[in-house]
Amino acid sequence: MMARMAHIMNLTRWEWYKLRRRWLPWIMLGVLLVVSQLFVWVSYSVNRSEQSGDIYANFTLPGSIPNVLGLAHSIGVFLVVILTASVLGTEYRWRTIRSILARGTGRWQYLASKIVLLILMAGGALLIVMAVTAVSSLIAGALAGDAPAGSSDSARWIDVPIAFGKAWFSFLPYIALATFFTVLTTSSAAGMAISLVYYYAESIVVAICLNLFTWFETVASYLLGRNAAALMRSGDDTMVINFAIGGGFGSFPSALHAFLVLTIYILALGGLAIWLFRQRDLTGS
Amino acid sequence: MHELVVETHALTKRYASVLAVDSLSIQVPRGGVFGLLGPNGSGKTTTMSMLLGLVSPTSGTFRLLGRDTRSGRQEALHHIGAIVESPSFYPYLSGRMNLRYFQGIIGRGDSIDIERLLDLVGLSSRAHSKFSTYSQGMKQRLSIAYAMLGDPDLLFLDEPTNGLDPAGMAEVRELIRHLSTEGRTVLLSSHLLHEVEQVCDRVAILSRGRLIAQGAMRDILQQRGAVRFTTTDDTRAAAIISALPWVASVTAENGYLTAEAPPERSWELTKALADQGVSVKEMAPVQVSLERYFLEVTGDDSPSAPGEAS
């Protein structure tokens, strides 16, 4: 077992060797940073014209970080689906997958190493966003001076790691979703398209059906996006803004329910992807 | 009995209604170059893909480097280098980085090995360039370097001269011969008859997924040898020789008669003619070419002529 884990970690290391030399992950990180910093500095600008405790909490520590993580999550899902589909699909397109497996690399170990790398990269990107947000929040806070009179001090430092954990965990089912569809279709474009269509279609269908049928709330409480949104919203005294798609309609499942449902999605989609990857013939790809 | 590095037994692959490989049983002994010869679509690449674990056989079994592939395929593959179909590398990485990556996942060797291999295939001066900028010939050379990573015991080379110019083809053939002299076994798949004839010690001929013949190249060609001769009366000689049961055919061309018969039985030809009062003026054995042999055993399949790339 330890030897297998060591093998997967070695493969993960070499996946990183390749991936860090591509533009795609760096462009995505840049997008995340730009959007997160826009949030901080737009909040700062708004605060200059119309001072409010809530707005002040958006660009000062510690409240800025959970809010930025909420925003990073909603954009990050989109980016993580693209990255996952690209990382897997290009191996089929460039036919490198045959070169890798022909040298004795185990199939499930190889796919697992890709998934591990994507999970680590998602976490790493969130940490970088947090660090940059912390620095810009300190600067913005210093420029803005003291909090407006009467503003509540509801933001807590303990919410920062919790928000990080939620945002990171909520990426995992989308990594599994994009992995499954990319392996199923053996194509970046198809894997990306199906996963993103699902992501957006679910939120639209949920919004419409919840307005039409009360019983649909039970169905919705087992859907991927709904539970990701529920997890991001849960217990958030400091998460003033919920950016997650699928939010805003009906009552959301509890955090525990969302965690369990998302875990099932991760295991089911990840397991199916690995099973399919092991079964498939690699012909002409 | 030679030690076998590849041994297949009734290996079969069916895609829906298409039988790509039909009950293939080949034995590849250790050392030398073994050719898998057949026209495009004869099942060569599918066979290699099955041996490398890229494609699951529909039925049949095989052993690699003496290991049962149901339990020891991964272990065996660690000692096998392979090129399957076209060169497949990461276009945004340089040749050197590509080799470094593959070496990393194989888990054997160091940067000195990479420089040695780049030098061996003549890519040292362009090792820093991105793979996407390489010519077809350079890509093919990088594939050979990739196959050599980890110093494998067995090399699977699927059409390794595809896309190379004549000089490049000759260099690669020389390289393949060289690799086999270092104690390795090379399993070479090709649809180029003259390539197989020049490089291989043993050959298996495939047609429409079926094994047509296999064995040492010399034995295979000798089975279909011929004798060319002239006599004092060629018309009578043709009739006399045609009547011999072990002569497949007699043809007259350019003033010579050619009898398809084992060259070692030429003395019997001479005797049969002499018994009928026909004297032989000139006689010489003719080595049948692999191309001719191939055409005979595969019927209407169309092999590639010398120099023709796929």
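At what angle do helix H7 (residues 159-185) and helix H10 (residues 224-233) of chain A pack, and how far apart are their axes? The angle is about 170 degrees, and the axes are 9 Å apart. The model is predicted: local features need pLDDT of at least 70, side-chain atom pairs count only at pLDDT 80 or more, and totals for chains, interfaces and linings use all residues. Residues are numbered from 1 along each chain as its sequence is written, with chains lettered from A and ligands numbered from 1 in the order in which they are written.

**Helix pair in chain A**

- Because of that angle, H7(A) is roughly antiparallel to H10(A); the cut-off is over 145 degrees.
- Axes are lines fitted to C-alpha atoms, for helices over the stretch in contact, and angles run from 0 to 180 degrees between N-to-C directions.
- From H7(A), A:Lys166, A:Ala167, A:Phe169, A:Ser170, A:Pro173 and A:Leu177 meet A:Leu224, A:Ala228, A:Leu231 and A:Met232 of H10(A).
- Residues are in contact if their C-beta atoms, placed from the backbone, lie within 7 Å.
- The residues of this contact divide into eight nonpolar, one polar and one charged.
- Ala, Val, Leu, Ile, Met, Phe, Trp, Tyr, Cys and Pro count as nonpolar, Asp, Glu, Lys and Arg as charged, and the others, Gly among them, as polar.

**Where chain B touches chain A**

- On chain B, 25 residues are in contact with 22 residues of chain A.
- Helix H2 (69-77) and helix H3 (95-106) of chain B are the elements that give two or more residues to chain B's side.
- H3(B) supplies the largest share, five residues.
- That side holds 16 nonpolar, nine polar and no charged residues.

**Chain B overall**

- Chain B has eleven helices and 15 strands. Both are DSSP runs numbered from the N terminus: helices are H or I of at least four residues, strands E of at least two.
- Its C-alpha trace spans about 75 × 45 × 35 Å along the principal axes.
- Of its 310 residues, 46% count as buried. Buried requires 20 or more other C-beta atoms within 10 Å of the residue's own, with C-beta atoms placed from the backbone.
- Helix H1 (residues 44-51) of chain B is mostly covered, with eight of its eight residues buried.
- Just after H1(B), B:Gly53 takes a positive phi of about 80 degrees.

**Sheet in chain B**

- Six strands form an open sheet in the order S7-S8-S9-S4-S10-S11, with mixed pairing. Strands pair if DSSP finds at least two bridges between them.
- The edge strands are S7 (80-83) and S11 (210-216), each pairing on one side only.
- The twist averages 15 degrees from one strand to the next.
- S7(B) and S8 (residues 154-158) of chain B pair in the parallel sense over four bridges. B:Ala82 has B:Phe156 in S8(B) as its bridge partner.
- Helix H5 (residues 136-148) of chain B lies across S7 and S8, at about 160 degrees to S7(B).
- Helix H6 (residues 166-181) of chain B lies across S4 (32-37), S8 and S9 (185-190), at about 150 degrees to S9(B).

**Nonpolar cores**

- The largest nonpolar core has 153 residues; B:Ala145, B:Leu187 and B:Leu188 have the most contacts inside it.
- A nonpolar core is a set of buried Ala, Val, Leu, Ile, Met, Phe, Trp, Tyr and Cys residues joined through C-beta atoms within 7 Å.
- Leaving aside neighbours within four places in sequence, B:Leu187 is in contact with residues including B:Val6, B:Phe34 and B:Phe156.
- A second, separate core of 14 residues includes B:Ile241, B:Val247, B:Val250 and B:Val278.

Notes. Angles under 35 degrees count as roughly parallel, over 145 as roughly antiparallel, 65 to 115 as roughly perpendicular and the rest as oblique. Two residues are in contact if their C-beta atoms, placed from the backbone, lie within 7 Å. A residue is buried if 20 or more other C-beta atoms lie within 10 Å of its own, exposed if 12 or fewer, and partly exposed in between; C-beta atoms are placed from the backbone.
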